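This report considers selected packing and surface features of a protein model. Please consult the sequence and structure shown here while reading.

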Amino acid sequence: MKKKSTKEDLVNRRRTQIIKAAIKEFSSRGFHETEMDKIAITAGVSKGTLYNYFENKQDLFLSSIDWGLNRLISRVYEAIEGIDDPVEKLQKALEVYLEFLRQNRNLFVILYQYRSRFREDMRAKFGKRHTAHFYVLEDILADGMRKGVFKKFDAKSGALAFAGGVFHSILHGSIELKDKKSVTKYASEFKELILYGIIKRK
């Protein structure tokens, strides 16, 4: 049993190694200009090894996005576990989103560059998993409405608007996330905008 576990760990580490190299190459060269040979060199493996883990370039591309988004979802759930207050939960989710974007900007560069082209392919390959990070936010907003903390609105639309605003702000350089302090600052500002809008309160 121990040998099997060790083998699985090695497989997972090699797969992650390839995916990280792929994200780096796709984000700098684009999908069409990125060659599997180059990904193999960056990953430090043979080209044949890539095909032991992924069917082709598109499979590797889609799997890279799926890998990244799954990590984001896991981190958000871990961060909000045990938090009952919807406002605090929203703040914590925002901090995780921003910190993840700060650390994984290349992932979101390729996601937004090719979201239209590969939207249907991702839906076919991963089902609802490719939009699962929106459902986390939707659940937080819906929970706040159930508890009477948030006013009634469409939670799905709210989650899409929230995530889209955060992602675009980062990707287009509207805000700079240099460290944890700046992440907390911008998370608080986004929370204020989401909860209270831009109307001056008396």
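Predicted model: local features only at pLDDT ≥ 70, side-chain atom pairs only at ≥ 80, totals over all residues.

## Nonpolar core

The largest nonpolar core comprises 58 residues, among which Leu 60, Phe 61 and Phe 108 touch the most other members. Helix H4, spanning residues 57–80, provides the largest share of this core, with 10 residues. In soluble globular proteins, nonpolar side chains tend to be buried together.

The surroundings of Phe 61 may be listed individually. When residues up to four places away in sequence are not counted, Phe 61 touches Phe 26, Phe 31, Ile 110, Tyr 114 and Phe 118.

## Second largest pocket

The second largest pocket holds about 330 Å³ of space. Its lining consists of nine nonpolar residues, one polar residue and one charged residue. Among the lining residues are Phe 150, Phe 153, Phe 162 and Tyr 196, together with Lys 151 and Gly 158.

Two helices, H9 (155–171) and H10 (180–196), each supply at least two residues of this lining. Further lining residues include Leu 141, Val 149, Ala 161, Ile 194 and Leu 195.

## Asp 143

Asp 143 is located in helix H8, which covers residues 132–146. Is Asp 143 buried or exposed? Its relative accessibility is 10%, and because buried denotes a value under 20%, Asp 143 counts as buried.

Apart from neighbours within four places in sequence, Asp 143 is in contact with Asp 84, Pro 86 and Lys 89.

Technical notes:
Residues numbered from 1 in each chain as written. Heavy atoms only, no water. Helix = DSSP H or I, 4+ residues; strand = E, 2+ residues; numbered from the N terminus. Buried < 20%, exposed > 50% of the residue type's maximum accessible area, 1.4 Å probe, protein only. Contact = heavy atoms within 4.5 Å. Core = buried A, V, L, I, M, F, W, Y, C linked by side-chain atoms within 4.5 Å. 1 Å grid on protein atoms, 1.4 Å probe; cavity = no way out; pocket = protein on both sides within 12 Å on 5 of 7 lines; lining within 4 Å. Points joined across faces, edges and corners; volume = space filled by probe spheres on them. Nonpolar A, V, L, I, M, F, W, Y, C, P; charged D, E, K, R; others polar.
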